[in-house]
Amino acid sequence: MKKIFLLPLLIFVGLIIAFMVQLQRNSNGEDPKALESSLIGKTIPEFQLESLYDEKQSVNANVVKSGSPRLLNVWATWCPTCFAEHQYLTELAKQGIEIVGIDYKDERSKALKFLENYGDPYKAVIYDPKGSLGLDLGVYGAPETFILDRQGKIHYRHAGDVNARVWNETLKPIYDKLKGNVQ
């Protein structure tokens, strides 16, 4: 009978140990928000989807195999964080950073209106209304950004918004390294 009373105590102690281990890992630099991707080092999966701009125009993986590194940004109009990062992506595009968008689980008319109102930083936008390409990429939600080399190989995945800190501290060094390999 007394053993039953020990069960909550054991569960509590187990949780304390788990939290302490995670706090130790965080203090050693592990990012708890980092999402591992099994696609790092692999070429973007093949796909055939519509362009956001023209439903009669199809887009495939060649859109990211251009001869220069680029960002692949997963976004949607229903995503408030995507709205917050949009201005910074526009600044990056003005600096010559090539960005391809994936309009993820969204309505075409809303997405087109969004780009019309807030600017269009994308070289191309893949329309993914059912999230099939997002699923193949392992997307958890928007926004997510991938860095791809000139052959479409994925080098990094960032979950969350791209802002000045994320760009300068994390993404830009990877992008610059890939850009150096192009020249």
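**Proline 143 and the cis bond**

I began at proline 143, which sits in the loop between α4 (132-137) and β6 (144-148). The model is a predicted one. I looked up the peptide bond that joins alanine 142 to proline 143, and it is cis. Its omega is about -5 degrees.

Next I asked which residues from elsewhere in the sequence touch this spot. Cysteine 79 does: leaving out residues up to four places away in sequence, it touches Ala142 and Pro143. I placed cysteine 79 in the loop between β3 (70-75) and α2. Is cysteine 79 buried or exposed? Its relative accessible area is 4%, under the 20% cut-off, so I noted it as buried. Cysteine 79 and alanine 142 are 63 residues apart along the chain. Their C-alpha atoms are separated by 6.5 Å.

**Glutamate 85**

Pro143 also turned up in the contact list of glutamate 85. I found glutamate 85 in helix α2 (residues 80-94). I checked its accessibility and read 1%, so glutamate 85 counts as buried. What does it touch, not counting residues up to four places away in sequence? I listed Asn73, Pro143, Thr145, Gly160, Asp161 and Val162. I then took one distance from that list. Glycine 160 is 75 residues from glutamate 85 in sequence, and their C-alpha atoms are 9.0 Å apart.

**Aromatic pairs**

I looked at phenylalanine 83 with phenylalanine 114. Their ring centres are 6.1 Å apart and their planes stand at 70 degrees. The cut-off for edge-to-face is over 60 degrees, so this pair is edge-to-face. Phenylalanine 83 lies in helix α2 and phenylalanine 114 in helix α3 (residues 108-118). The two are 31 residues apart, and the pair links distant parts of the chain.

I compared the cover of the two rings' residues. Phenylalanine 83 has a relative accessible area of 45%, so I put it down as partly exposed. Phenylalanine 114 is at 9%, so it is buried. Both belong to one aromatic cluster, together with Trp75, Tyr118 and Tyr122.

**Lysine 105**

I moved to the loop between β4 (99-104) and α3, where lysine 105 lies. I looked up its phi and found it near 50 degrees. That is a positive value in a residue other than glycine. Lysine 105 has a relative accessible area of 43%, so I noted it as partly exposed.

**Tyrosine 156**

I went on to strand β7 (residues 154-159), the place of tyrosine 156. Its relative accessible area is 27%, so this residue is partly exposed. Which residues is tyrosine 156 in contact with, leaving aside its neighbours within four places in sequence? I wrote down Ile40, Thr145, Phe146, Ile147, Thr170, Leu171 and Ile174. Thr145 is among the contacts of glutamate 85 too. I also looked up the distance from tyrosine 156 to glutamine 95. They are 61 residues apart along the chain, and their C-alpha atoms are separated by 20 Å.

**Serine 68**

I located serine 68 in the loop between β2 (58-60) and β3. At 9% relative accessibility, serine 68 counts as buried.

**Whole chain**

Last, I stepped back to the chain as a whole. I counted 5 helices and 7 strands. From the N terminus on, the order of elements is α-β-β-β-α-β-α-β-α-β-β-α. The radius of gyration is 20 Å, well over the 16 Å that the globule rule gives for 183 residues, so the chain is more spread out than a compact globule. Along the principal axes, its C-alpha atoms fill a box of roughly 70 × 40 × 30 Å.

How much of the chain is buried? I read 39% of the 183 residues. Residues 24 or more positions apart account for 69% of them. The accessible surface comes to about 10800 Å², and carbon and sulfur atoms hold 56% of that.

Key: Residues are numbered from 1 along each chain as its sequence is written. This is a predicted model: local features need pLDDT of at least 70, side-chain atom pairs count only at pLDDT 80 or more; totals for chains, interfaces and linings use all residues. Side-chain values use heavy atoms; hydrogens and water are left out. Helices (H or I, at least four residues) and strands (E, at least two) are DSSP runs, numbered from the N terminus. Buried means under 20% relative accessible area, exposed over 50%, partly exposed in between (1.4 Å probe, protein chains only). Contact means heavy atoms within 4.5 Å. The radius of gyration is taken over C-alpha atoms; the globule rule is 2.2 Å times the number of residues to the power 0.38. Accessible areas come from the Shrake-Rupley method with a 1.4 Å probe; for residues, only the protein chains shown count as cover. Rings of Phe, Tyr and Trp (its six-membered ring) pair if their centres lie within 6.5 Å; planes under 30 degrees apart count as stacked, over 60 as edge-to-face and the rest as tilted.
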